[in-house]
Amino acid sequence: MSRIYQDKHRLKVEDLEIELYEMDGQVIASCKLLELVTCGKNFDDACEKFDDACKLYLRYLKYKGKLDLALQELGWEKTKKQYNSPIQLGTRKIQVSIPA
């Protein structure tokens with residue numbers, strides 16, 4: 001489970017999982033829990049850009065007074081001192097067949 005909380009000086013995010021994919025010569029960094037996606041030239045660049053994008057996104061939401069609403073719409077649960085992400089139950093691979 002990921003969590004977001006405010007300490008004395010900053011908003012902190014812990015245990016946030018991102019998925020990394022290679023596509024068209026770039027590395028895509030994606031986080032389903034925040035519906036946030038970015039890309040970079042390589043693995044490290046994509047991770048660094050995701051870190052920057054995440055900070056900008058959360059800072060903007062906090063500045064606009066929309067952090068509670070945005071996280072709740074994404075399924076995060078607010079307790080007294082932090083937000084907790086939805087709990088992932090697992091993953092499954094499926095096959096889909098669509099008539100031609």
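Which residue in β5 is the bridge partner of serine 30? The partner is valine 37. The model is predicted, so local features require pLDDT of at least 70 and side-chain atom pairs count only at pLDDT 80 or more, whereas totals for chains, interfaces and linings use all residues. Residues are numbered from 1 along each chain as its sequence is written, and side-chain values use heavy atoms, with hydrogens and water left out.

Strand β4 covers residues 26–31 and runs antiparallel to β5, to which five bridges join it; two strands pair if DSSP finds at least two bridges between them. Along β5 (residues 36–40), Leu36, Thr38 and Gly40 point to one face and are buried, that is, under 20% relative accessible area with a 1.4 Å probe, protein chains only.

The protein chain as a whole has two helices and seven strands, in the order β-β-β-β-β-α-α-β-β. Helices (H or I, at least four residues) and strands (E, at least two) are DSSP runs, numbered from the N terminus. The radius of gyration is 16 Å, well over the 13 Å that the globule rule gives for 100 residues, so the chain is more spread out than a compact globule. This radius is taken over C-alpha atoms, and the rule is 2.2 Å times the number of residues to the power 0.38. Buried residues make up 28% of the 100 residues.

Note on methods: Buried means under 20% relative accessible area, exposed over 50%, partly exposed in between (1.4 Å probe, protein chains only).
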